Amino acid sequence: MYRGGIILKTPEQIELMAAAGRIQARCLQMLRSKCRPGVTTEDLDRAAERFIASQGAEPSFLGYRGFPGSICASPNSMVVHGIPGPSELRRGDLISIDVGVTKDGWVADAALTVPIGEVSPVARQLLATTEAALHAGAAQVRPGNHLGDVSHAIQRRVEGDGLSIIRSLVGHGVGRDMHEDPQVPNYGEPGRGPELEAGMVLAIEPMVNAGGPDVRVGEDQWAVYSADGSLTAHFEFTVAVTEEGPRILTPWHES
Ligand code: MG
């Protein structure tokens with residue numbers, strides 16, 4: 001069933017998405033635990049591929065529009081869509097890891113940014129604010145709220161801390177397809193946009209720069225960087241709208 005172009009999922013379908021989401025969350029937790037100096041993003045990609053296969057699931061990103069990895073691994077000033085490769089993580093780096101898992105035809109999409117050892121105060125603030133903004137947005141995912149309430153909660157938290165929302169990259173609906181309607185901007189007006197209803201599932205993903213809000217695409221036509229070279233962070237959950245309120249289907253934040 002659709003509501004204003006947004007596909008509504010049945011409770012049974014949301015359980016299937018939650019099953020994909022549990023695998024996704026365990027995959028992210030496993031990857032986070034492997035992040036240390038000397039590990040390459042290719043190492044992380046292979047570990048994700050093995051784990052996802054061991055769970056009877058598939059990596060949603062692999063082959064998506066020709067993407068060559070099972071994860072996106074984006075260090076420092078790279079926001080998203082980093083192709084895994086031979087470069088090693090170094091102490092003081094930030095590494096953003098984004099993973100999609102497809103299980104029984106249903107997609108779960110989530111991401112986090114991991115500090116490698118001790119990082120700068122600017123980096124610590126960036127991580128704390130972006131993760132808090134994700135939780136602030138997710139808390140608005142309830143029936144009767146509007147999409148703009150989610151967007152505004154994220155924007156308020158990020159800009160309140162003096163950091164920049166990237167406006168050209170947005171969250172999205174998710175279900176059988178990784179990218180469904182609606183787009184979920186990380187800025188907006190309260191009370192505006194589509195009204196949320198039980199059965200909608202959204203990938204909420206604040207992407208935040210420590211410097212200005214602009215981004216540029218790299219030479220490989222995949223990687224997106226902050227235009228000014230500043231540090232950047234990305235945290236994401238797949239969240240279902242339920243009668244009881246938000247249900248985080250990818251609970252990587254729970255240990
Ligand atoms: Mg996403």
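**View 1. Strand β6 is mostly covered, with 10 of its 10 residues buried.** Buried means under 20% relative accessible area, exposed over 50%, and partly exposed in between (1.4 Å probe, protein chains only). Helices (H or I, at least four residues) and strands (E, at least two) are DSSP runs, numbered from the N terminus. This is a predicted model in which local features need pLDDT of at least 70 and side-chain atom pairs count only at pLDDT 80 or more, while totals for chains, interfaces and linings use all residues. Residues are numbered from 1 along each chain as its sequence is written, and side-chain values use heavy atoms, with hydrogens and water left out. On one side of β6 the buried residues are Leu-94, Ser-96, Asp-98, Gly-100 and Thr-102; on the other they are Ile-95, Ile-97, Val-99, Val-101 and Lys-103.

**View 2. β6 pairs with β7 in the antiparallel sense over 10 bridges.** Two strands pair if DSSP finds at least two bridges between them. Gly-100 has Asp-109 in β7 as its bridge partner. Two residues lie between the strands of this hairpin, where Asp-104 takes a positive phi near 50°. β4 and β6 also pair in the antiparallel sense, over five bridges, and Cys-72 has Asp-98 in β6 as its bridge partner. Strand β3 (residues 58-59) pairs with β6 in the antiparallel sense over two bridges, with Pro-59 opposite Val-101.

**View 3. Asp-109 (OD), His-172 (NE2), Glu-205 (OE) and Glu-236 (OE) coordinate the magnesium ion at 2.2 to 2.4 Å.** Donors are N, O and S atoms within 2.8 Å of the metal (3.2 Å for Na, K and Ca); water is not among the atoms, so sites may look incomplete. The sequence spacing of the donor residues is D-x62-H-x32-E-x30-E. Asp-109 lies in strand β7 (residues 106-115) and Glu-236 in the loop between β15 (232-234) and β16 (237-242), so this pair ties together parts 127 residues apart in sequence. Both Asp-109 and Glu-236 are buried.

**View 4. Asn-76 and His-81 are not glycines, yet Asn-76 has a positive phi of about 55° and His-81 one of about 70°.** Asn-76 sits in the loop between β4 (71-75) and β5 (78-80) and counts as buried at 19% relative accessibility. His-81 sits in the loop between β5 and β6 (94-103) and counts as partly exposed at 31% relative accessibility.

**View 5. The peptide bond from Asp-181 to Pro-182 is cis, with omega near 0°.** Pro-182 belongs to strand β10 (residues 180-184).
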